[in-house]
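What follows is a walk through one model, taken a part at a time. Keep the structure open while reading.

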Amino acid sequence: MNVVPLYVAIPLLAAFLIPLLGIWWKKSGEVLSTLSTALLAVMAILSIGAPAVVHHMGGWTAPVGIALVQDGLSTLLLIAINVVGFLCIVFSLKYMAVYTGLPKYYALFMLMVAGMNGVVISGDLFNLFVFLEIASIASYALVAFGVEADELEAGFKYLILGSVASVMILFAVGTVYAVTGTLNMADAAREIAARFGGSDMNPALLLAAAFFLMGFSLKAALVPFHAWLPDAHPSAPAPISAMLSGVVIKSLGVYAIARVFFTVFGFSPDIPSSAILANGILFFSVISIVVGGLLAIGQWDIKRLLAYSSIGQIGYVTLGIGVGASVLASGGTRSLAALAILGGLFHLLNHAAFKSLLFLSSGAIQYATGTRDMKRLGGLGERMPITAATTNLAAFSIAGVPPFSGFWSKLIIIIATIKAGHPAIASVAIGMAFVTLAYYVKLQREVIFGDVGAAVSKAREVPAVMYVPLIILAVVCVGFGLLYPVFGDSILEPARDALLNGAEYIKLVLG
Amino acid sequence: MGNITPQLYTLLVFMVIGSIVAIETRNLLSAVISVSAVGFALSVAFLFLGAPDIAITQLVVEVLVLIILIRGTILLDNTSVETHRDTLAVVTSLIFFGLLLGFGAMIFGSKGFPAFGEPLMRVSKVYVQTGLPSTYAANIVTSVILDFRAYDTLGEATVLFASILGALAILRRDGKTAKGEVVPA
Amino acid sequence: MTVYFLCAVLLTMGLYCLVAKKNIVKKVIGVVIMDYAVNLYLIIVGYKRGGVAPIVERGMSASTLERFVDPLPQALVLTSIVIGLGVLALMVSMCIRLYEKHGTFDMSQISKLRG
Amino acid sequence: MKGLSLIVRTITDFVVAFIVIFGAYIVLYGHLTPGGGFAGGVIIASAFILLMLAHGKEVAFSRLGVRAAHVLDSAGALAFLIIGWLGLAGGYFFLNVFGRGEPFRLLSSGMILPANIAIAFKVGSSLFLVFAALAVFRRRSFRPMIEDDLS
C-alpha cells in the first residue's frame, strides 16, 4: 500500500465536505481547505527522493485497471501544485472575505487541486482526460466567481475554448485506443513500439498526436491558441490568477504534453514523424515567446501584463522540452537532450514560484489601493514595503537578472538550444529575454518606484495572513537561484530522467 | 442484429441535416429543438450500435439538455438571431475540415487503423471474458465503469459536482458584499 | 469508412458554429454538436459487426461472448456524456448571467459594451 | 412560476410516482440490465423537474427542499468516495471489499450496487438543484424583491 491515491482522495474529501458542512458551519471552507492543502504540501515535499511508485486502482493490474504513477516528473508537479495551492489558500483567507458564497469558492478550489493532482499522477489516458476536465471546470467557474460582466465574459470565453480543447483531447484518446486497443499509457507505448517500431508512425497516430498537441496547447495557452488567457487570468480573483498562471496551465498543458509525447509516442530517429511533432512543439514555443513578450509591453493593467508574460514564459518552458524532443528525434546525444529538458523543467518550477508570487502581489496591491491600473499606481515602496520588496524580487527573477533563478533556467535553455543547432531560435529567445526585462522594469518603475500615485496615497501594508505567503514565495524564488545543488539532484534530475527513460516507466507500470 | 449499415447511415445523415438546421436557423427555439432532435437520433444510433446503456443515458440526458437550454435561454424575451458573415471563421473551418478529410482518407483506410466493425479489443477481451466471473455484474459496461475503472467514475461524479457547484456559484445574486464591509462569510 | 467521415463532418460543423456564430447560445449549440460527434466516434470505434450489447445472460455460451461489442468505449462515452451535461449546465448559467448583464446574447455587442 | 393547467397537474401527480419507481429500478438493476446510477438519477431528477414545471416551485420544494438537495448532493458524492476509501483497507483504493454474492442476483457484485445508489442520489439531487437555480434566477431577474432562497 502506498499514499499515491491520497493526493486525489484528500482534496476530494475536503471538496465534498465543505458544502455539506458549510450549511451549518460557515467557516468550514477556510478550515478544511487550509488543513488539507497543508497536508498535501507536506506529503508532496516528503516524497522527494522516494523511488517511483505505482498504485493499481481497485487491485486490477495495469492495462485492465487504472494505474496511478508517481515518478520524478509527477513529484515535481505535485510539489509545485500543492505548495502554491496552500499559499494561495492562506492568501485567500483574508483576500476573499469580501466575496459571497465562500464555501463554494473553497470547494471549487479543492476540486481544482484534486483535478491537477489527478492529472499528474494518472497513468491512464482517459483518466488523465477526466481529471483534466475536473480541474478545467472548476477553473472556469472560479474565473467567473466575481459574477461581474467582464469576469463572466472571460469565463465564458475560457469555457468555450476549453471545451474545444477537451473535445480534441477526447478524440485523440479515442484514436489511440482504436489503434492500440488500450488506454494505459505504458501499455500504449509498448504496443506502439512493438507494432510500429523501426518503421514510420501510423498516420492515425500522427493525427492523434496532432489533436493532443492542439488540445493541450489550448490548455497551456501556447500562441495560436492563447486567446482566452489574457482575459481569463486577470479577471479571476488574485489567488485564482496565481493558481491559473502558476500551476494550472503547467499541469494541464505542459505536463500533459511532456507526458503524452515523451512517454506514449516517444521521440527517436527511428520514427521520422516524431521530428515533425518535435518541430511543432518548437514552433508553438517560439511564437509564444515572441507574441507573449511583445504584447506584454503595451499593457497598463498589472494583471494583464502578467498574463501576457505567462504566455511568453510558458513558451520558454516548452522550448526547453521541445529542444530536448528535437534532439532525441534527430538522433543527437542524450546528454544534450537531458540538458534542454532540465532547463525547461527548471523554468517550469521557477515560473510556478515567481508568477504566483507576482499575481498574489498584484492582489495585495489591488486589496490595498483598489486599482490595478499602473497609471494610478507608483511609489508603493514607501507605503507597502513588504509587498514592494517581494514584487521586486519576483520581477528580477522572471526578468532573468543574475543571480536570480530565472536567469539560470533561461541560460540553460538557451545554451541547450544553441548546442542543438538552432541558433536562430536561440537568438530570438535571448532577444525576448531582454524584452521581458524591459516590461518588468516598466512594472517596477510605474508601480514600486516613482512618485506616489493617485491611488496609493492612502494605502497601507496588507495584513500578515496576506504577506506571509508572499514572503515564503520570495524566499523560494531566491532559494531556487542560489541553492541549485540542494534541490537540483533531488527534484529536477529525477523529473528529467522520468521523461528520458520511457522504458523504465513501462517496466514500472506493467511489471 | 444483422447488417445495420443502412439504418446507421440514415440516422447519421439525419443528424447532419439536423445540425445544419440548428446552426443556420434564425430562431433560437428552432435551433435548440433541432439540436435535441440530433441528440435523440444519436441515442437511436447508440441502440443500433449495441450500446443500450449509452442509449438510455443519452436519451434521459437529452431530455434534460432540452429543458435546461429552453429554461435558460428561450423564455428570455429576445430569441431571434442576427446573422453575421464571418469569412475568416468559414475559411478556418474549411481548412480544418480539409485537413481532417485529407488525413482521414489516409488514416481510416490505412492498415494500422481497424476497419469499421472490427475493433481491436486487446484489453477489452479481458473485460468481456472475466467481467462476470470476477465482478459478478452481468452488465459488462457496469462492471467496467464501477469496478475495473471505478476511479474514472469517481472523476465523472466529481465533474458533475464541480459543474453544478460552479453553476450555483455563478447564479449567486451578488459576487461581493458591499465594498469595505466585511461580513462573516 | 464513410461513418468516420460523417463523424468528421459533424465535428467540423460544431467547430464552425462555435467560431463563426456570434450568438452565445449558438456557440453553446456548437459545443453540444462537437460532443455528439466525438461520442459517436468512440462508440463507432468499439462497434463489432453483427455485435450484441455486452450484457451477459444466464446460460450464455462462450461463442456469444465473442460477439460482444467493445464495452470499454461505452464506459468512456458514459463519462463523456456526463461531462458534457455538466459543462452545458455551467455554460447556460453563464449565458443567462451574461444576458442579465447586457440584455443580449450577441458576443460582438457584449464585447463592445465592455469598452 | 404559477404552474400549468389542472389537467397537466393531475396527470403529473399520477405520473411522478411511476417515474420515480422506474428511476429506482434503473438504479438498482444497473449491474444486471442496461442503465445504472447515472441514468436512474437523471430520471428521478426529471420527475422533480416535472413537478416543478407543472405545479410551480413551491410544491416541488415542499417535496425536496433546497437544503435537503444540497445535503444529498454532497452526501452522495461523499458516499461514493468513501466506498473508494474503504478499499484502502485491502491496500488498494476502490478495492471491492464488499461480498460479491452470487451472479444475476440483485444483491450481488459487491460495491457496484451501493456505488450506483450513491451516484443516483448525487446526480438526481444536483440536477434538481441546478434546474431550480436556473428557474429561481429567471424569476429573480424579473422580480428582484423575491427572497433569495438558494444560498
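A residue counts as buried here if 20 or more other C-beta atoms lie within 10 Å of its own. By that rule, 73% of the 115 residues in chain C are buried. The model is predicted, and its scores are ipTM 0.92 and pTM 0.93.

The C-alpha trace of chain C spans about 70 × 30 × 15 Å along its principal axes. Its radius of gyration is 20 Å, whereas a compact globule of 115 residues would have one near 13 Å. Of the contacts in chain C between residues at least 6 apart in sequence, 50% join residues at least 24 apart.

The next topic is what chain C touches. Its contact with chain B takes 77 residues from chain B and 68 residues from chain C. On the chain B side, the elements that give two or more residues are helix 1 (5-24), helix 2 (28-48), helix 3 (52-74), helix 4 (87-108), helix 5 (124-135), helix 6 (140-148) and helix 7 (150-170) of chain B. Helix 3 of chain B has the largest share of that side, with 12 residues. By class, the side of chain B that touches chain C has 50 nonpolar, 20 polar and 7 charged residues.

Chain A also meets chain C: 24 residues of chain A are in contact with 26 residues of chain C. Helix 5 (125-143) and helix 6 (149-180) of chain A each supply at least two residues of the chain A side. Helix 6 of chain A gives the largest share, 16 residues. The side of chain A that touches chain C divides into 18 nonpolar, 3 polar and 3 charged residues.

Between helix 5 and helix 6 of chain A is the loop that holds A:V147. Most residues other than glycine have a negative phi, and most peptide bonds are trans. A:V147, which is not a glycine, has a positive phi of about 45°. A:V147 counts as buried because it has 23 C-beta neighbours inside 10 Å. A:A221 is another non-glycine residue with a positive phi, here about 65°. The location of A:A221 is the loop between helix 8 (203-220) and helix 9 (229-235) of chain A. With 28 C-beta neighbours inside 10 Å, A:A221 is therefore buried. For the peptide bond, the case to look at is the one from A:P402 to A:P403, which is cis, with omega near 5°. A:P403 sits in the loop between helix 15 and helix 16 (405-419) of chain A.

Two packed helices are described by the angle between their axes and the distance between the axes. For helix 13 (residues 334-369) and helix 15 (residues 385-399) of chain A, the axes come within 9 Å and cross at roughly 145°. The crossing of helix 13 of chain A with helix 15 of chain A is left-handed. The residues that meet include A:F354, A:L358 and A:I365 from helix 13 of chain A, and A:T391, A:A394 and A:I398 from helix 15 of chain A. By class, this contact of helix 13 with helix 15 of chain A has 7 nonpolar, 6 polar and 1 charged residues.

A:T100 is in the loop between helix 3 (72-95) and helix 4 (102-121) of chain A. Is A:T100 buried or exposed? A:T100 is buried, because 20 other C-beta atoms lie within 10 Å. Leaving out residues up to four places away in sequence, A:T100 touches B:R172, B:D174, B:G175, B:K176 and B:T177. A:T100 and A:G146 are 46 residues apart in sequence, and 8.8 Å apart in space from C-alpha to C-alpha. B:L120 lies in the loop between helix 4 and helix 5 of chain B. B:L120 has 19 C-beta neighbours inside 10 Å and therefore counts as partly exposed. Again leaving out residues up to four places away in sequence, B:L120 touches A:G181 and B:P114.

Chain D is taken last, for its confidence. Its mean pLDDT is 80, and 89% of its residues reach 70 or more. Within chain D, confidence is highest in helix 1 (residues 6-28), at a mean of 89, and lowest in helix 3 (residues 57-63), at 76. The pLDDT is below 50 over residues 142-151 of chain D, a stretch with 10 contacts in the model beyond near neighbours in sequence.

Terms used: Residues numbered from 1 in each chain as written. Chains lettered and ligands numbered in written order. Predicted model: local features only at pLDDT ≥ 70, side-chain atom pairs only at ≥ 80, totals over all residues. Contact = placed C-beta atoms within 7 Å. Helix = DSSP H or I, 4+ residues; strand = E, 2+ residues; numbered from the N terminus. Nonpolar A, V, L, I, M, F, W, Y, C, P; charged D, E, K, R; others polar. pLDDT = per-residue confidence, 0-100. Axes fitted to C-alpha atoms, helices over the stretch in contact; angles between N-to-C directions. Left-handed = near helix turned anticlockwise from the far one by under 90°. Rg over C-alpha atoms; globule rule 2.2 N^0.38 Å. Buried ≥ 20, exposed ≤ 12 C-beta atoms within 10 Å, placed from the backbone.
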